[in-house]
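Hi,

Here is the structure I promised to pass on.

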Amino acid sequence: NEQIFLEETGARQRILGIRQFMDNYAEKYPENSFRTMVLLGNAGLGKSFMLAYLAKELQKKERDILYIRSGILFGLFHRHRLGGFSRVDLIYDAAVLLIDDLGTEPVTQNVTREYFFELLERRQAAGLVTILATNLDETMLKSRYDERISSRLFSDFQSRVIAFIGDDLRLPLKRKLAKKS
């Protein structure tokens, strides 16, 4: 419901544009010109909702879709590193991989950067779709993961960055609900 976005801030027009972009992306799939997408913005702006919406739309054409939260993904990578999870190929090879809340996972030595780099490298080389949602900006992502990873996330040739703007939608809704009760 775009009505929850404030028109005065431009957020409503922006979210309508993002929705149209997602619809076009799903319609053109798998013939999209870029395979990596990064949804950036503060908390509560609709990134996770839009990620789930896109997954649902893509499911009309593609069955091999993995939607996973960052903490779970990197937990599996950590288990793999320790020999407790052997099926990372399911993550690396999914036709569409959607990662929500990138940057909320704990940074683990010899796992976080190494596995994330390998994931992006393999998926981009294979031409597979990888879509991430994060509250971190480009500078924070580069600092957290490193230049090799941010280069792949923000490549003009392979990636599309979509910025979400506005105020946290959860906060005004909480206030409105509190006033009604």
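Below is what turned up when I went through the structure.

First, some housekeeping. This is a predicted model, so to speak of local features we need pLDDT of at least 70, side-chain atom pairs count only at pLDDT 80 or more, and totals for chains, interfaces and linings use all residues. Residues are numbered from 1 along each chain as its sequence is written, and side-chain values use heavy atoms, with hydrogens and water left out.

Let's start with the inside. The largest nonpolar core has 27 residues. By that I mean a set of buried Ala, Val, Leu, Ile, Met, Phe, Trp, Tyr and Cys residues joined through side-chain atoms within 4.5 Å. Buried is under 20% relative accessible area, exposed is over 50%, and partly exposed is in between (1.4 Å probe, protein chains only). Leu 73, Phe 77, Ile 91, Phe 116, Leu 119 and Leu 153 have the most contacts inside this core. At least two of its residues come from each of β1 (36-40), α3 (70-81), α4 (88-92), β3 (96-102), α5 (112-126), α6 (138-145) and α7 (147-153). Helices (H or I, at least four residues) and strands (E, at least two) are DSSP runs, numbered from the N terminus. The largest share, 5 residues, is supplied by α5.

Apart from this core lies another one, of 25 residues, including Met 22, Leu 45, Ala 55 and Ala 95. In soluble globular proteins, nonpolar side chains tend to be buried together.

What does Phe 77 touch? Leaving out residues up to four places away in sequence, Phe 77 is in contact (heavy atoms within 4.5 Å) with Val 88, Ile 91, Tyr 92, Val 111, Tyr 115 and Leu 119.

Now the backbone. Tyr 29 and Pro 30 are joined by a cis peptide bond, with omega about 10°; Pro 30 sits in the loop between α1 (11-28) and β1. Asp 101, in strand β3, has a positive phi near 65° although it isn't glycine, and is partly exposed at 24% relative accessibility. Asn 110 is another non-glycine residue with positive phi, near 65°. You'll find Asn 110 in the loop between β3 and α5, partly exposed at 36%.

Last, a polar pair. Glu 57 belongs to helix α2 (residues 47-58) and counts as buried because its relative accessible area is 17%. Its side chain makes a polar contact of 2.9 Å with that of Lys 60. Such a contact is a pair of N or O atoms within 3.5 Å; within protein, one must be able to donate a hydrogen and the other to accept it, and residues adjacent in sequence count only if both atoms are side-chain atoms.

Cheers
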